[in-house]
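Please work through the exercises below with the structure at hand. Each task is followed by a solution in steps.

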Amino acid sequence: MRDLNIPAERHPEKAHRPDNAQPKKPSWIRVKAPGGKGYADTQKIMREHGLVTVCEEAGCPNVGECWSQGHATMMIMGEICTRGCTFCNIATGRPDTLDAFEPGKVADAVQKLGLNHVVITSVDRDDLTDGGAEHFAQTIRAIRHRSPGTTIEILTPDFLKCAPSVLETVVAAKPDVFNHNLETVPGLYPEVRPGARYFHSLRLLQRVKELDPAMFTKSGIMVGLGEDRQAVLQVMDDMRAADIDFLTIGQYLQPTPKHHAVDRFVHPDEFAAYEKSAYGKGFLMVSATPLTRSSYHAGDDFARLQTARNAKLNRA
């Protein structure tokens, strides 16, 4: 039995890689250790329902803040991913069979937490014919049934090895926000995201808009992996060509010495410049800070996203 707390067993595909130095973090990305009653209450609900969160599995630096406020990003379809991206801390290997009761468990937890907005993500499931599309749809429907007032944001895999029609299954379930992260600039894909294809991911988001023009689309990248400013600006242009509404940009943090090295820590001033450029290119919403993650402040950002769209429509 694998022990996923042991890095070599968690990431067998990285065990042979040489260690990369982990530079000291600058003051602007240091966070407090998680704790407090709100954090404990959220953790208890997750454990009682046997749920996995990307907050823990990916080692998110914001877990203390989010969980203390009762916010957690739930990760469905298990805790083992079929991909081995060099930046990611989620375990790699052969996943377990799907839990048919998981959509109901997630819906129950959302109701108990009293969430106004929930983010549902997953591991990549290249072992499934539909990549887990129907499981996403079932989870969305279960949440709608138990908590009709909760808005739902999904962060999906790329469904790279599936028939194009599987995307229709997810979109037909009517999430409020469809997020799929490009993660990095195309030139770094062979090293950072070797199992994925940049233009496939971009086209996936474009197709969501074609299937449902009213659905908000969202994508994000990390910086500090070795990209340059011009490449980041080109990704912004590519995203806008695909009619993506919401862009997130955050600092890459190296989970272990076996993961992709941190090229540099990007200064907050550079993030502010990226945010200004992105708004200039027409995004409805931009979150660009060192600690920005896909689901960080997602509920507040969704409200701002709606306001931005309404303002744009009123100007038209």
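The model is predicted: local features need pLDDT of at least 70, side-chain atom pairs count only at pLDDT 80 or more, and totals for chains, interfaces and linings use all residues. Residues are numbered from 1 along each chain as its sequence is written, and side-chain values use heavy atoms, with hydrogens and water left out.

**Exercise 1. Overall make-up**

Task: State how many helices and strands the chain has, and what percentage of its residues is buried.

Solution. 
1. Helices (H or I, at least four residues) and strands (E, at least two) are taken as DSSP runs, numbered from the N terminus. The chain has 12 helices and 10 strands.
2. A residue is buried under 20% relative accessible area, exposed over 50%, and partly exposed in between (1.4 Å probe, protein chains only). Of the 316 residues in the chain, 54% are buried.
3. A contact requires heavy atoms within 4.5 Å. Among contacts between residues at least 6 apart in sequence, 76% join residues at least 24 apart.

**Exercise 2. Two helix pairs**

Task: Describe the packing of H5 with H6 and of H10 with H11.

Solution. 
1. Two packed helices are described by the angle between their axes and the distance between the axes. Axes are lines fitted to C-alpha atoms, for helices over the stretch in contact, and angles run from 0 to 180 degrees between N-to-C directions.
2. H5 (residues 102–113) packs on H6 (residues 133–146) at an angle of about 35°, and their axes are 8 Å apart. The crossing of H5 past H6 is right-handed, where right-handed means that the near helix is turned clockwise from the far one by less than a right angle, and left-handed means anticlockwise.
3. H5 contributes Glu102, Pro103, Gly104, Val106, Ala107, Asp108, Val110 and Gln111 to the contact, while H6 contributes His135, Gln138, Thr139, Ala142, Ile143 and Arg146. Six of these residues are nonpolar, five polar and three charged. In this scheme Ala, Val, Leu, Ile, Met, Phe, Trp, Tyr, Cys and Pro count as nonpolar, Asp, Glu, Lys and Arg as charged, and the others, Gly among them, as polar.
4. The axes of H10 and H11 cross at roughly 35° and come within 10 Å; H10 passes H11 in a right-handed crossing.
5. On the H10 side, Arg229, Val232, Leu233 and Met236 meet Ala273, Tyr274, Ser277 and Ala278 of H11. This contact comprises six nonpolar residues, one polar and one charged.

**Exercise 3. Salt bridges**

Task: Count the salt bridges, and locate the partners of glutamate 191 and lysine 281.

Solution. 
1. A salt bridge is a side-chain nitrogen of Lys or Arg within 4 Å of a carboxyl oxygen of Asp or Glu. The count by this rule is 21.
2. Glutamate 191 pairs with arginine 17 at 3.3 Å, N to O. The two lie 174 residues apart: glutamate 191 is in helix H8 (residues 189–192), and arginine 17 is in the loop between helix H1 (7–10) and helix H2 (37–48). Glutamate 191 is partly exposed at 35%, whereas arginine 17 is buried at 18%.
3. Lysine 281 pairs with aspartate 237 at 2.8 Å, N to O. Lysine 281 is in the loop between helix H11 (268–280) and strand E10 (285–288), aspartate 237 is in helix H10 (residues 229–241), and 44 residues separate them. Lysine 281 is partly exposed at 30%, and aspartate 237 is partly exposed at 34%.
4. Arg83, Asp124, Asp126 and Asp158 are linked in a network of salt bridges.

**Exercise 4. Cysteines**

Solution. 
1. A disulfide is a pair of cysteine sulfur atoms within 2.5 Å. The count by this rule is zero.
2. Cysteine 85 is buried, with 13% relative accessibility.

**Exercise 5. A loop residue**

Task: Determine whether isoleucine 244 is buried or exposed, and list its contacts beyond four places in sequence.

Solution. 
1. Isoleucine 244 lies in the loop between H10 and strand E9 (246–251).
2. Its relative accessible area is 0%, so isoleucine 244 is buried.
3. Apart from neighbours within four places in sequence, isoleucine 244 is in contact with Leu202, Leu205, Thr217, Lys218, Ser219, Met239 and Phe283.
4. The C-alpha atoms of isoleucine 244 and glycine 282 are separated by 9.4 Å, with the residues 38 apart along the chain.
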